[in-house]
Protein chains: 2
Amino acid sequence: MNPNALQKLGYGMYIIGSRKGDRLNGQVANTVFQITSEPPTVAVSINKKNLTNEFIKDSRVFTASVLRQATPLSFIGQFGFKSGRDIDKLKGINYKIGETKAPIILDNAVAYLEAEVTNDIDVGTHTIFIGKIVNAEIITEDECLTYEYYHQVKRGTTPKTAPSYIAEKKGGSN
Amino acid sequence: MNPNALQKLGYGMYIIGSRKGDRLNGQVANTVFQITSEPPTVAVSINKKNLTNEFIKDSRVFTASVLRQATPLSFIGQFGFKSGRDIDKLKGINYKIGETKAPIILDNAVAYLEAEVTNDIDVGTHTIFIGKIVNAEIITEDECLTYEYYHQVKRGTTPKTAPSYIAEKKGGSN
């Protein structure tokens, strides 16, 4: 078994927004995917340790902003490697409050969607939230950021709480 | 709401293999994604109308072969727009029987994985199968086919049974 084979799976990259009452938060995720077309339904996998997981469980809503290829690493770092428990992640970020009252991140976004959670599935370290889409818009026709591009071209890294984290071997060549 | 916003979600493209007793089948899918890293777990969304859905429910195993960018449309057509109820989809195809005894399609594959189903979730038209990975290998370092590339460069189309199908508007310009 070669665990690096899993890195061949293809993903986009997203900022997931949610709220708990009036508190807002967002985080990077790569596992957003449509699961049915009628009605339009999406799923997202979020680590249980993340504040966004707690917020989605509380409010039962989330947003997903599709990132463009030109998204700076610093932007991804703010949403992917820091916790909303320590900083206000939306400080200095261009966003709007959606129909779900959750924040929709607009900086570096190609498109966005909003969803109301209809089901959540405990899968060990993560929760899969399944949501009915209540709003979706395209912002620009810029090229989307793929997970592969982020790793290969941008030399981006993956936090340990991501579903796709693979422990680096000491002295490994990968 | 602009349903085309959902086309901005990023995916790879895969052939999902499964079996029912000694009967083998495979189909194209775009929604394969890792959901936890410890243990390595993947999920796949398969339409209930598809023979592969019936096979996975019966055998509780599936394989996923990650397709390379150079995959011909005719190959995708064989696995994506025809049913294993009508034809033997593996006829003339290079594959091997994996540890799960399900077929692993090798033609046009960059990498593959095998999984044992631990949970399946009814999401209306589709079933999400969650599987623990029991085998995974890289075959080549060729570039992977993305769903976006398939649509934009190859001008590929999507069958009605896909989770990501969007009905074309009559006379629409998209």
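How many bridges join strand β5 of chain B to strand β8 of chain B, and in which direction do the two strands run relative to each other? In this predicted model, seven bridges link β5 (residues 61-67) to β8 (residues 109-123) of chain B, and the two strands run antiparallel. Within this stretch of chain B, B:L67 stands opposite B:A109 in β8(B).

The pair belongs to an open sheet of seven strands in chain B, ordered β2-β1-β5-β8-β9-β4-β3 with antiparallel pairing. At the edges stand β2 (23-29) and β3 (32-37) of chain B; each has a single partner strand, so one side of each is left without a neighbour in the sheet. From one strand to the next, the twist averages 35°.

Two helices of chain B meet these strands. Helix α1 (residues 51-59) of chain B lies across β1 (14-20), β2, β4 (40-47), β5, β8 and β9 (126-138) of chain B, and runs at about 55° to β1(B). Helix α2 (residues 73-80) of chain B also packs on the sheet, where it touches β1, β2 and β5 of chain B. The direction of α2(B) makes about 120° with that of β2(B).

Chain A shows which residues of its own helix α2 are buried. In α2 (residues 73-80) of chain A, these are A:F75, A:I76 and A:F79. Viewed down the axis of α2(A), the buried residues fall within an arc of 95°, so they line one face of the helix. An α-helix has 3.6 residues a turn, so residues three or four places apart point the same way. The cover over the buried residues of α2(A) includes β1 (14-20), β2 (23-29), β5 (61-67), β7 (103-105) and α3 (147-152) of chain A.

Methods: Residues numbered from 1 in each chain as written. Chains lettered and ligands numbered in written order. Predicted model: local features only at pLDDT ≥ 70, side-chain atom pairs only at ≥ 80, totals over all residues. Heavy atoms only, no water. Buried < 20%, exposed > 50% of the residue type's maximum accessible area, 1.4 Å probe, protein only. Helix = DSSP H or I, 4+ residues; strand = E, 2+ residues; numbered from the N terminus. Arc of directions from axis to C-beta. Contact = heavy atoms within 4.5 Å. Pairing = 2+ DSSP bridges. Axes fitted to C-alpha atoms, helices over the stretch in contact; angles between N-to-C directions.
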